[in-house]
Amino acid sequence: MKNQMTPLTTMLAILTLSVSTNLFALEAKAIATDRKGNASNVVQGKKLWEQAFTGKAPFSNRSCTSCHGEKLVFAGKHIRTNKLIEPMAHSTNPKRFTNKAKVDKWFLRNCKWTIGRECTTQEKSNIIAYLKTQ
Amino acid sequence: MEQNLMNKPMIGTILIISTLSLVSLAFFSQQARSGDSNFWDLSELKRPGVLSVNNADYQEECSSCHMAYSPGLLPEKSWIKVMDNLDNHFGDNAELTPSSHQNLLNYLIPNSADKSDYRRSRKIVRSLSSDKIVDRITLTPYFIRKHNEIPKRFVIDNPKVGSFSQCNLCHSNTENGSFSEDEVSIPGVGYWHD
């Protein structure tokens, strides 16, 4: 028998190739989640939320948690005035993230104060993705 | 025959004189009581305190981090200075959208202390010198004078208060524009007695 690529063999080869490519893609996506199976934007959001930044005294060490607190299901406290800030966790405060104008306003102010610049669209969406899981 | 002195004209005169005396007593004592006001300023007989905040947008936008301060607590120039520096609002960022910004100015300016006929607003304005523009209520001479007898440990060093900017922590009736001394109860200390 001649060693030849019959149409059947070709088809099988293409099928195997496409299946393995898809499996590879799924594997890659699986690698992009953390051990708990959270998507990478949630992981990135949590990282940014907890990251420490430097700023002007008396608040030379700043992060989102400075005002919003360590436990998102509880209310936070304004770092200077001590005024109560309603919980960020969607689970205890379902009104969160329902008003786009309000969300935009606070991102504008708080990213500038904490990080020193506006957050990118990706960063904002990561943070919201993280907060929605809380 | 005895002359009865208490005839109608006499009674009438006595009534008129006593009425006039009572009225002027009331008027002059009121004027004297309003401490540092202009003696002849009759509009001082109008509303006490300051305007109570009556704008929902202002309440919403300006009370997330501190109480909503009545526009009647500062003159127009001071409010303009505050609104011009929202990106550095006493160390914080309080930026607004342009339309929201203008909307709030439209509430603040017509209701500012120098446009107001509320008694305390007028006292605040009178205490200010025309050359300096203060951007803090706590830096108006009137405010300083009114709070200069309070020990540091009652406010600044009091963990339950922390700052003079937290008016509503001690003044229980700020929502109605009232800062009357008999409404003052300092957390951890009690009612204020002069």
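1. On the other side of helix H4 of chain B, B:Pro98 and B:Ser99 are exposed (exposed means over 50% relative accessible area, buried under 20%, and partly exposed in between, with a 1.4 Å probe and protein chains only). The helix itself covers residues 98-108, and B:Ser100, B:Leu104, B:Leu105, B:Tyr107 and B:Leu108 in this helix are buried. Seen down the axis of H4(B), these buried residues fall within an arc of 160°, so they line one face of the helix (the arc is that of the directions from the helix axis to the C-beta atoms).

2. This is a predicted model, in which local features need pLDDT of at least 70 and side-chain atom pairs count only at pLDDT 80 or more, while totals for chains, interfaces and linings use all residues. Residues are numbered from 1 along each chain as its sequence is written, chains are lettered from A in the order in which they are written, and side-chain values use heavy atoms, with hydrogens and water left out.

3. What covers the buried residues of H4(B)? The cover includes two helices of chain B, H2 (56-61) and H3 (76-84). B:Ser78 lies in helix H3 and counts as buried because its relative accessibility is 2%. Leaving aside neighbours within four places in sequence, B:Ser78 is in contact with B:Ile133 and B:Val134 (contact means heavy atoms within 4.5 Å).

4. Chain B as a whole has seven helices and two strands, in the sequence pattern α-α-α-α-α-α-α-β-β. Helices (H or I, at least four residues) and strands (E, at least two) are DSSP runs, numbered from the N terminus. Of the 194 residues in chain B, 38% are buried. Among contacts between residues at least 6 apart in sequence, 53% join residues at least 24 apart.

5. Chain B also meets chain A: 14 residues of chain B are in contact with eleven residues of chain A. The area buried between the two chains is about 1300 Å², and carbon and sulfur atoms give 40% of this area. B:Cys65, B:Asn93 and B:Glu95 supply 37% of the area that chain B buries against chain A, more than any other three residues. Buried area is the accessible area (1.4 Å probe) that two parts lose on being put together, summed over both.

6. How many salt bridges are there between chain B and chain A? The count is two (a salt bridge is a side-chain nitrogen of Lys or Arg within 4 Å of a carboxyl oxygen of Asp or Glu). A:Lys105 forms a salt bridge with B:Glu61, with the closest N and O atoms 2.6 Å apart.
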